[in-house]
Amino acid sequence: IQINDPDRMVREVIETLNTRECEVRDSEGHWHLLRIHPYRSKENRIDGVVITLVDINDLKRNIAKLELASHYGDAIAETIRE
């Protein structure tokens, strides 16, 4: 997974107690949503972070297809006007 400065992201989550999210790609080019949450112990103490990856590759592909279809529709509408 290609992550820009993961140490900084973890420190920021621990310091601010705010969840961080970003979209990342793996070595095969698949997209994932990376979430970093503060981890609270049973004593309600921040004791690290929880990192999760959600596969969003199909979502990203569908968005790209929709954008392409939208541009195609715009081009057809522009041609009709001319």
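Helices (H or I, at least four residues) and strands (E, at least two) are DSSP runs, numbered from the N terminus. With that in hand, let's walk through the structure above. It is a predicted model, in which local features need pLDDT of at least 70 and side-chain atom pairs count only at pLDDT 80 or more, while totals for chains, interfaces and linings use all residues. Residues are numbered from 1 along each chain as its sequence is written, and side-chain values use heavy atoms, with hydrogens and water left out.

Start with the overall layout. The protein has 2 helices and 3 strands, and along the sequence they come in the pattern α-β-β-β-α. Now look at the outline: the C-alpha trace spans about 70 × 25 × 20 Å along its principal axes. The radius of gyration is 20 Å, whereas a compact globule of 82 residues would have one near 12 Å. (That radius is taken over C-alpha atoms, and the globule rule is 2.2 Å times the number of residues to the power 0.38.)

How much of the protein is buried? Buried residues make up 15% of the 82 residues. Here buried means under 20% relative accessible area, exposed means over 50%, and partly exposed is in between (1.4 Å probe, protein chains only). The accessible surface comes to about 6,500 Å², and 50% of it belongs to carbon and sulfur atoms. Areas like this come from the Shrake-Rupley method with a 1.4 Å probe, and for residues only the protein chains shown count as cover.

Next, the inside. In soluble globular proteins, nonpolar side chains tend to be buried together. A nonpolar core is a set of buried Ala, Val, Leu, Ile, Met, Phe, Trp, Tyr and Cys residues joined through side-chain atoms within 4.5 Å. Which residues form the largest one here? They are Met9, Val13, Val24, Leu34 and Ile36. Helix H1 (6–16) and strand S2 (31–40) each supply at least two residues of this core.

Now follow helix H2, which covers residues 57–81. Asn57 is found in this helix, and Asn57 counts as buried because its relative accessibility is 10%. Not counting residues up to four places away in sequence, Asn57 touches Gly29, His30 and Trp31. Together, Tyr72, Ile76 and Ile80 make a nonpolar surface patch of about 360 Å². Patches are made of residues with over 30% relative accessible area and no salt bridge, with like charges joined within 9 Å and nonpolar side chains (Val, Leu, Ile, Met, Phe, Trp, Tyr) within 5 Å.

On to the charged pairs. A salt bridge is a side-chain nitrogen of Lys or Arg within 4 Å of a carboxyl oxygen of Asp or Glu, and the whole structure holds 6 of them. One joins Glu23 and Lys60, at 2.8 Å from N to O. Glu23 sits in strand S1 (residues 20–25) and Lys60 in helix H2, so this pair ties together parts that are 37 residues apart in sequence. Glu12 and Arg8 also meet in a salt bridge, at 3.6 Å from N to O. Those two are separated by about one helical turn, because they are 4 residues apart in helix H1. Glu12 forms a salt bridge with Arg20 as well, with the closest N and O atoms 3.1 Å apart.

Finally, check the backbone in two loops. Most residues other than glycine have a negative phi, and most peptide bonds are trans. Leu17, in the loop between H1 and S1, has a positive phi near 65°. Asn44, in the loop between S2 and strand S3 (46–55), has a positive phi near 60°. Asn44 counts as exposed because its relative accessibility is 53%, while Leu17 is partly exposed, with a relative accessible area of 39%.

Notes: Contact means heavy atoms within 4.5 Å.
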